[in-house]
Amino acid sequence: MNKVLSLFTNSIKSEEVRKKLLFTALIFCVFRIFAHIPVAGVNLAQLKILFSQNQFLGLLDIFSGGTLANFSIMALGLNPYINASIILQLLTMVYPKLEQLQKEGEQGRQKINQYTRMLTVPLAVLQAIGMYALLKNQGIIADLSSLSIISFIVTMTAGTMLLVWMGELLTEKGVGNGISLLIFAGIVSRIPIIFTQTASVINA
């Protein structure tokens, strides 16, 4: 334990490490701020009731860092990006050009990352449409005009791409894998709420 503390203390003394930690903390703060900016037209009171009655949705909300229950502009989270990444990994097994790119080192990985970002956009659009249909069927969101639906889809897609961008910034200038750190930060941010809800149920 002392060795771990000593290693951490020595790391903090490095100016470069301090800068990376401060940058990571800043990105986390921005992430949590955007996680509480709701999308217009959603009945948040009814949405919270729906999440409280459905354990699966509650679990999804934990992994989204609370963005689903708040239905923030980042409600889609990083799911479209993760799905795009999985699809690209599967395609490298059956598509020779992608497999060759993967073997080209850093330059090849950068191209695959670019393809992943490009694939994320249509997947986010499809997921946003599905989210709108679900909320409309549950009576949580009213019938929207064509322009409002387009605005809804663009907002949700932009929220996901903003998360992807922040994740890449964390990878480049932060302390590690940015996407994993954002997922971790979202889960950790929900822990106090989970404990509070559990305590209230036990006391009741």
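What you have open is a predicted model, in which local features need pLDDT of at least 70 and side-chain atom pairs count only at pLDDT 80 or more, while totals for chains, interfaces and linings use all residues. Residues are numbered from 1 along each chain as its sequence is written, and side-chain values use heavy atoms, with hydrogens and water left out.

**Stop 1: the whole chain**

Select the protein chain and colour by pLDDT. The mean is 79, and 77% of the residues reach 70 or more. Now switch to cartoon: you will find nine helices and zero strands, where helices (H or I, at least four residues) and strands (E, at least two) are DSSP runs numbered from the N terminus. Reading along the sequence gives α-α-α-α-α-α-α-α-α.

**Stop 2: two ends of the confidence scale**

Select residues 2-12, helix α1, which has the lowest mean pLDDT among the elements, 57. Then jump to residues 146-173, helix α8, where the mean is the highest, 89.

**Stop 3**

The structure holds two salt bridges, each a side-chain nitrogen of Lys or Arg within 4 Å of a carboxyl oxygen of Asp or Glu. Show the side chains of E16 and K20, which meet at 3.8 Å, N to O. Both sit in helix α2 (residues 15-34), four residues apart, so about one helical turn separates them. E16 is exposed at 53%, whereas K20 is partly exposed at 31%.

**Stop 4: a salt bridge between helices**

Next, select R117 and E168, whose side chains form a salt bridge at 2.5 Å, N to O. R117 belongs to helix α7 (residues 106-137) and E168 to helix α8, so this pair ties together parts that are 51 residues apart in sequence. R117 is partly exposed, at 23% relative accessible area, and E168 is partly exposed too, at 22%.

**Stop 5: zooming back out**

Of its 204 residues, 32% are buried. Turn to contacts, meaning heavy atoms within 4.5 Å: among those between residues at least 6 apart in sequence, 72% join residues at least 24 apart. Finish with the surface, computed by the Shrake-Rupley method with a 1.4 Å probe. The chain exposes about 12600 Å², and carbon and sulfur atoms supply 66% of that area.

How values were computed:
pLDDT is the predictor's confidence in each residue, from 0 to 100. Buried means under 20% relative accessible area, exposed over 50%, partly exposed in between (1.4 Å probe, protein chains only).
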